[in-house]
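Please read the points below alongside the sequence and the model. They are meant for someone meeting this structure for the first time.

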Amino acid sequence: MFESLSQKLSGAFERLTRRGALSEGDVDEALREVRVALLEADVALPVVKDFIASVREAAVGEAVLKSITPGQMVVKIVHDRLVEALGGGAEGINLTTTPPAVLLMVGLQGSGKTTSTAKIAMRLTRRDRKRVLMASLDTRRPAAQQQLATLGQQAEVKTLNIVHGEPPLAIAKRALQTATLEAFDVLMLDSAGRLHIDDELMEEIAAIKTATKPIETLLVADAMTGQDAVNVAKTFQDRIGVTGIMLTRVDGDARGGAALSMRAVTGQPIKLLGVGEKLDALEDFHPDRIAGRILGMGDVVSLVEKAAEHIEQAEAERLAKKMQKGQFDLDDLADQLKQLQKMGGIGDILGMLPGVAKIKAQMKNAKIDDKVIGRQRAILSSMTRKERKNPDLIKASRKQRIAAGSGTSVQEVNRLLKQHQEMARMMKQMGKMGQKGLMRQGIQSILPRG
């Protein structure tokens with residue numbers, strides 16, 4: 001989401017940090033570029049003005065301009081102010097109330113409320129071990145209630161049974177009664193949306209909120225709507241009162257301004273990010289980590305958390321033992337590629353590594369993309385078990401068969417085999433070096449060559 005903003009800010013600060021000494025004019029020049037970058041990213045003008053004024057006040061002080069590394073000091077100030085603008089610290093969903101804790105999802109039609117409801121419900125069920133009941137209050141959009149029921153089956157979360165013709169307020173009251181009687185920990189209410197804000201919508205949501213007394217009223221907003229998302233957020237905050245924000249479609253080409261603006265306009269924290277269509281594509285919002293990504297500092301903590309979430313410990317230990325022995329066959333390579341896809345693909349992983357913003361052009365020229373992983377997995381699946389255990393068996397005729405079976409070319413098969421040879425050789429070297437050698441293995445070893 002923040003790729004364009006990150007590139008522009010990185011360019012501005014790179015010129016700044018190359019200079020040994022800074023004047024107020026140098027800082028002002030850099031801040032002009034920051035201002036333009038923020039405006040182009042759809043950050044609201046009042047938010048930009050306040051942000052730039054805050055940064056300038058701290059950056060032109062004598063302690064900064066006469067420090068040993070003034071350019072880096074300015075970058076740190078921007079980082080700290082960016083963290084502050086995004087909310088300071090991470091705030092999760094609040095469930096500290098007498099069960100059932102009611103979560104009311106609000107927002108415009110098409111913002112992703114229904115899918116977001118299911119995502120949060122599945123996380124609360126699987127990660128936090130909560131009993132969750134979902135109920136759709138959307139009686140206007142065709143099949144909206146059935147959509148939530150279908151998502152509930154996929155997420156293995158119970159949904160309130162549908163009574164046709166029942167109005168939204170009555171559904172909300174019945175859902176609360178059911179959740180209370182059946183001892184659910186959390187009740188999630190997926191409210192109706194409109195293509196635009198109107199009085200009828202606001203009155204309906206206000207009545208539901210009064211009747212159910214939700215501990216959280218989460219505004220679901222599409223990160224790609226830009227400036228309009230800010231107006232929507234302000235209206236919902238003024239008329240309904242929200243306790244938090246969830247941004248959806250963060251994995252798209254949104255410019256990121258909505259995240260900065262909505263937090264400033266509503267005064268409420270962004271709590272969650274929808275990072276894909278799948279039900280497990282949900283991330284907590286950490287202002288410090290997002291600020292690091294924007295400024296090209298990376299987000300190694302999130303990368304480690306994502307790895308821990310998707311990589312099974314037993315499998316990791318098995319592979320580590322094989323590496324220590326200097327063993328690494330094509331089955332192991334297939335497992336590594338599968339794990340890489342589970343973690344979101346190459347783009348997501350590289351985006352969390354420090355300094356990657358500076359080599360975006362080189363990455364594009366190298367043609368590193370997630371389609372390569374899919375083709376390589378297809379090649380490995382087209383091999384026999386014996387071939388994966390002993391790649392030396394794969395001669396010309398077998399390569400042709402594998403290429404035909406995987407819909408690829410012999411050249412791609414050769415490229416994969418060469419990549420495996422390089423990795424196997426590396427494993428043997430690390431096996432000789434012991435545990436320290438294994439610790440030096442980086443993500444570079446599993447990046448496919450395109």
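In S4, which residue is the bridge partner of Met134?

1. The bridge partner of Met134 in S4 is Met188. This is a predicted model, in which local features need pLDDT of at least 70 and side-chain atom pairs count only at pLDDT 80 or more, whereas totals for chains, interfaces and linings use all residues. Residues are numbered from 1 along each chain as its sequence is written, and side-chain values use heavy atoms, with hydrogens and water left out.

2. Strand S2 (residues 132-136) pairs with S4 in the parallel sense over 5 bridges, and S1 also runs parallel to S4, joined by 5 bridges; Ala101 stands opposite Val186 in S4. Strands (E, at least two residues) and helices (H or I, at least four) are DSSP runs numbered from the N terminus, and two strands pair if DSSP finds at least two bridges between them.

3. S4 is mostly covered, with 5 of its 5 residues buried, where buried means under 20% relative accessible area, exposed over 50% and partly exposed in between (1.4 Å probe, protein chains only). Val186, Met188 and Asp190 are buried on one side, and Leu187 and Leu189 on the other.

4. In the loop between helix H8 (168-181) and strand S4 (186-190), Ala183 has a positive phi of about 60 degrees although it is not a glycine, and Ala183 is exposed, with a relative accessible area of 52%.

5. Pro99 and Pro100 are joined by a cis peptide bond, with omega about 0 degrees, and Pro100 is found in the loop between helix H5 (70-85) and strand S1 (101-106).
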